[in-house]
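Please open the model in a viewer and keep the selection panel at hand. The stops below are given in the order in which they may be selected.

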Amino acid sequence: MTLEVNGRPMAVDTEGDTPLLWVLRDELGLTGTKYGCGLALCGACTVHLDGVATRCCVLPVEAAVGRKITTIEGLAPKDKPHTLQMLWIKHQVPQCGYCQSGMLMAAASLLAETPKPTDEQIDAAMTNICRCGTYPRVKAALQEARTLDLKKVPA
């Protein structure tokens, strides 16, 4: 089967019920997406599926065929970090960093749908689990993001 990952078609040879996470990590070498709980609860495995934050540790790969998959590697070019990545650095969000790719993908999906989210919308959308407790810093980064016109800021 062929998947569209980060804007490129990629052929994979796997069973259709294999979780997308393992196809991304083991077959395609895109290791930015992390395994956390394996139950789609913690959000470490969050990617975008047609632009919507999706937890892929329980999503069968066959459900992603014909859809646009974006991983943290595809959020922005390596030499030009996404505005959210710059805000993450500014607000010193990452601690151990393990959950941060999933957090960033959830945040990017939120801002794509709701460019100026309220605090309540941020709280409702950011359900990823962070063992280091970076939630106040994530919220501060998103509060600053809503003050920016992200269309004018280099993605």
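Select Arg67, which is partly exposed at 31% relative accessible area (buried is under 20%, exposed over 50%, partly exposed in between; 1.4 Å probe, protein chains only). This is a predicted model, in which local features need pLDDT of at least 70 and side-chain atom pairs pLDDT 80 or more, while totals for chains, interfaces and linings use all residues. Residues are numbered from 1 along each chain as its sequence is written, and side-chain values use heavy atoms, without hydrogens and water.

Arg67 lies in the loop between β4 and β5 (68-70) and Asp50 in the loop between β3 and β4, so the pair ties together parts 17 residues apart in sequence. Asp50 is partly exposed, at 43%.

Next, select Lys90 and Glu144, a salt bridge at 2.8 Å between the closest N and O atoms. Helix α2 (residues 83-90) holds Lys90 and helix α5 (residues 135-145) holds Glu144, so parts 54 residues apart in sequence are tied together (helices are DSSP runs of H or I, at least four residues; strands are E runs, at least two; both are numbered from the N terminus). Lys90 is exposed, at 55%.

Finally, colour domain 1 (2-74) and domain 2 (83-146) separately; the bounds come from an automatic or database domain assignment. Their C-alpha centres lie 20 Å apart, and the count between domain 1 and domain 2 is 0 salt bridges.

Technical notes:
Salt bridge = Lys/Arg side-chain N within 4 Å of Asp/Glu carboxyl O.
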